[in-house]
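The tour goes stop by stop.

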Amino acid sequence: MNLALLSAPYDEDGFRSCSVTGLKLHRSAERPVKLFVITAVVAMVLGGIAALLVALTRWEAVGLLPAADFYKWLSVHAWSLLIFWMVFMEIAILYVGGPMVLGRKLPAPKLAWTGWSLMVGSAGLILYAVWVSSPPNYQPLLTSYAPLESHPLFYLGAILFILGAVVAALPFFTSIWQEKVENPDRSLPLVTFGAFMTSIIALEALLGGLITYVPTFLWRIGALESIDASWYRQMYWTIGHGTQQINLVAMITVWYFMTYVAGGAEVISEKVSRSAFILYVFFINLGAAHHILADPVVSSGWRMWNCSYATYGAVLASLIHAFSIPAGLEVGRRRKGLGDGWFGWLKSAPWSDPGFSATTFSIILFGFMGGITGVLMGQMQLNTLRHNTFAVPGHFHGTVAVGTTLAFMGFAFYGIKLLFRRDWVAKWMAKAQPFFYAGAMGIVVLAMMDIGIIYGVPRRHPSVMDLPGTAFDFSASAPLFGVMGVTAVLAVLAGAAFVIVAVGSLLFGEETRPSEMLPDYSGLETVGTSAHLTSMRGTAALTAFLLFVLGLFYAVDWMWLARLWEFGA
Amino acid sequence: MSSPIRSPDGNWWDNPLASTEKKWLGASIITAVILFGWMFGWMHIGDQNPTGRTYTTSSAQYRKQVAAYKEKATRTEQGLRPAGRDVYIAGLQFGFDGLPVVLEAGREYRVHLGSYDVQHGFSVRDEDDLIQQFNLQMLPGYEWVVPMTFDDPGTYRVVCNEFCGLGHSGMQGKFVVVEGGS
């Protein structure tokens with residue numbers, strides 16, 4: 001057994017240089033990154049177990065859990081995967097994107113350990129509160145919509161987790177500060193810039209979280225007399241969606257990093273890519289307003305403003321990345337002589353490298369599933385077709401479960417080699433895992449969306465095939481639930497395959513020799529014309545197809561809506 | 001070549017853009033304008049909008065309003081027949097006060113949505129054609145008046161689709177829509 005965590009390849013100053021990326025890594029940054037990644041994987045295992053139980057309950061042919069247990073495991077599933085798996089990974093990404101890419105030490109490393117301890121402790125508190133909740137303490141699920149009461153320790157845990165994440169982010173901010181003081185005229189590398197923008201969005205979201213949870217906690221322990229349901233919803237979504245925007249921007253940063261390392265991509269325009277990140281900072285959190293499009297209280301003008309101009313600032317940014325990332329790959333590979341014609345650059349790509357295949361599937365599935373449905377749901381009227389139906393978890397499994405999770409899996413596959421310097425065990429499993437996971441989870445997402453939009457099946461519901469007190473039920477949707485159930489089990493198995501490779505490699509993987517580690521593009525000579533004159537026709541075709549599919553579903557959705565009876569003033 | 005993990009050299013801001021990328025930027029901006037224009041335009045030309053006046057209220061106050069409305073309504077075997085064009089519905093753990101209600105097809109009603117306790121969902125569908133459905137939120141402390149006109153007679157099922165407690169899955173009701181003038 002190799003104790004990969006304990007090996008010490010560093011020089012006297014604590015630095016080592018990475019043979020693949022050429023980066024100078026300091027142990028003060030590398031060690032906390034390992035810790036945060038491992039913690040994230042532990043959270044993923046818990047969330048994955050919960051996913052299996054939740055899926056086997058909603059697949060009512062199995063109907064595993066009774067209502068009370070279902071809501072308990074649904075809460076564990078939501079918090080473990082949407083929050084813990086993601087946020088621990090994101091802190092690791094900040095440390096990689098900041099100090100590591102800049103070749104610096106991690107400033108104030110004690111803060112990283114303090115933040116980690118606070119986050120782990122409060123995550124435990126949240127899970128404990130979920131575990132012991134019984135009426136009048138209701139399961140929080142993700143949203144803990146007041147005035148339905150959750151366990152007081154749950155709100156306290158949420159507050160402490162937010163504080164922990166802020167503390168853990170401080171060393172990152174300090175490293176950016178130090179870099180700019182020492183090198184005021186040097187631009188940050190794009191990945192660092194993306195990580196920096198991620199952290200600004202994160203701070204906005206976390207601040208919103210404190211504004212939400214502190215008064216809610218005071219209300220829950222009786223220090224405040226009442227809480228306004230509409231206020232809660234509006235405030236909650238600053239963090240509720242804000243955290244998911246962090247996932248998005250962190251994922252895009254990982255896309256730039258991974259397409260470069262695993263695929264030989266270039267940045268085709270620093271100006272355009274950076275401007276797109278800045279658009280996110282200004283607009284993406286306002287887009288959280290799409291959660292209250294089917295609400296009373298907020299005016300239609302407010303809703304349409306926030307979900308149009310404000311959101312389109314962010315949608316525009318996403319469309320820019322949707323082009324510039326594949327185009328960077330296309331140009332990078334064409335100029336290295338790796339493929340010609342329309343799609344030769346994709347055909348020649350290293351598909352058997354799980355770092356590359358996971359990243360590519362993440363980009364494609366995020367765009368076509370999460371992205372398109374997100375735009376549709378962001379239209380005020382179309383939102384009423386989907387609000388709180390099963391199509392909503394369908395959408396965010398399209399963004400988070402296939403998009404972000406696959407990107408982070410690819411990133412973790414590389415982390416095993418680059419940071420832990422271990423070879424993957426069970427290589428066949430590592431190679432197959434992204435295909436297996438993307439395929440199974442992709443079908444889960446399609447089934448969830450269809451169940452929601454075609455049958456109007458509600459989300460957060462343990463038994464729609466048999467509604468108490470009425471002969472009416474949703475049994476027409478049973479076949480699609482069957483599809484979802486079977487593929488969800490397969491997706492959980494694919495998730496388990498990832499954990500087996502990751503944990504197995506850390507424990508039993510052989511130490512890698514730099515020469516045989518990963519694709520190395522540095523030896524290839526760049527040929528042909530300069531980047532902006534290189535053909536991007538493959539990307540143009542793919543992105544045009546994305547817009548076409550968006551247009552198609554947009555038209556179909558509005559026709560559906562128009563067939564409904566009249567409502568609204 | 002430009003790498004995402006190295007500081008870009010020189011004045012990168014002035015580096016030329018690829019013509020394909022410029023075209024994509026244009027297409028993206030046009031897409032955003034169309035999305036906005038259509039959503040805004042539907043407020044004027046469309047018949048399905050999640051809009052209506054909101055009034056501040058309290059659970060006690062709303063209970064009184066619903067009770068007064070039910071007092072005036074006629075009880076039938078199929079459900080309440082409202083006396084006028086106002087229809088009151090309240091979500092509560094775990095049911096809908098005011099449902100079932102009997103409405104006439106083709107007549108516009110002012111549907112008042114509110115809650116006696118926690119947040120609830122108002123999810124309505126045609127029993128015989130499940131794809132014909134839409135969803136609104138019901139909040140305690142607020143009364144939302146959404147005009148509604150059912151075109152065709154039939155049974156329209158309502159389920160709560162916001163988690164409201166352990167009995168959530170049993171929270172349902174219905175609109176019975178009959179021919180106008182019957």
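Predicted model: local features only at pLDDT ≥ 70, side-chain atom pairs only at ≥ 80, totals over all residues.

**Stop 1: helix α3 of chain A**

Select residues 109-132 of chain A. This is helix α3, with 24 residues. From its first C-alpha to its last it reaches 35 Å, close to the 34 Å expected at 1.5 Å a residue. Which residues of α3(A) are buried? Colour Ala112(A), Gly115(A), Met119(A), Ser122(A), Ala123(A), Ile126(A), Ala129(A) and Val130(A). Now show α1 (27-58), α2 (67-102) and α4 (152-182) of chain A: the buried residues of α3(A) pack against these helices.

**Stop 2: aromatic rings**

Show the side chains of Phe, Tyr and Trp. Over all chains, the count of aromatic pairs comes to 50. Go to Phe413(A) and Phe498(A). Their ring centres are 5.5 Å apart and their planes stand at 85°; the angle is over 60 degrees, so the pair is edge-to-face. This pair links distant parts of the chain, 85 residues apart. Phe413(A) comes from helix α14 (residues 391-418) and Phe498(A) from helix α16 (residues 478-508), both of chain A. Buried or exposed? Phe413(A) is buried, at a relative accessible area of 0%. Phe498(A) is also buried, at 0%.

Move to chain B and select Phe36(B) and Phe40(B). Here the centres are 5.7 Å apart and the planes are at 25°, so this pair is stacked. Both residues lie in helix α1 (residues 19-45) of chain B, four residues apart, about one turn of the helix. In an α-helix there are 3.6 residues a turn, so residues three or four places apart point the same way. Phe36(B) is buried, with a relative accessible area of 18%. Phe40(B) is partly exposed, at 41%.

Return to chain A for a group. One aromatic cluster is formed by Phe36(A), Trp79(A), Phe84(A), Phe88(A), Tyr95(A), Phe154(A), Tyr155(A), Phe161(A) and Tyr213(A).

**Stop 3: charges over rings**

Select Arg233(A) and Tyr145(A). The charged end of Arg233(A) sits over the ring of Tyr145(A), 4.6 Å from the ring centre. Next take Arg274(A) with Trp12(B). The charged end of Arg274(A) sits over the ring of Trp12(B), at 4.8 Å from its centre.

Arg274(A) is also one of the buried residues of α8(A), which include Phe277(A) and Tyr280(A). Helix α8 covers residues 270-283 of chain A. Its 14 residues reach 20 Å, close to the 20 Å expected.

**Stop 4: Leu316 of chain A**

Where does Leu316(A) lie? Look in helix α10 (residues 309-335) of chain A. Leu316(A) counts as buried, at 19% relative accessibility. Which residues does Leu316(A) touch? Leaving out residues up to four places away in sequence, they are Leu279(A), Ser28(B) and Ile29(B).

**Stop 5: chain B**

Colour chain B by its domain assignment: domain 1 (15-43) and domain 2 (53-178). The domain centres, taken over C-alpha atoms, are separated by 40 Å.

Select strand β6 (residues 101-104) of chain B. Val101(B) and Leu103(B) point one way, Val102(B) and Glu104(B) the other way, and all are buried. Finish on Leu103(B), whose bridge partner in β12(B) is Val177(B).

How values were computed: Residues numbered from 1 in each chain as written. Chains lettered and ligands numbered in written order. Heavy atoms only, no water. Helix = DSSP H or I, 4+ residues; strand = E, 2+ residues; numbered from the N terminus. Buried < 20%, exposed > 50% of the residue type's maximum accessible area, 1.4 Å probe, protein only. Contact = heavy atoms within 4.5 Å. Phe/Tyr/Trp six-rings, centres within 6.5 Å; stacked < 30°, edge-to-face > 60°. Lys NZ or Arg CZ within 6 Å of the ring centre and 35° of its normal. Domains from an automatic or database assignment. Expected span 1.5 Å × (residues − 1). Pairing = 2+ DSSP bridges.
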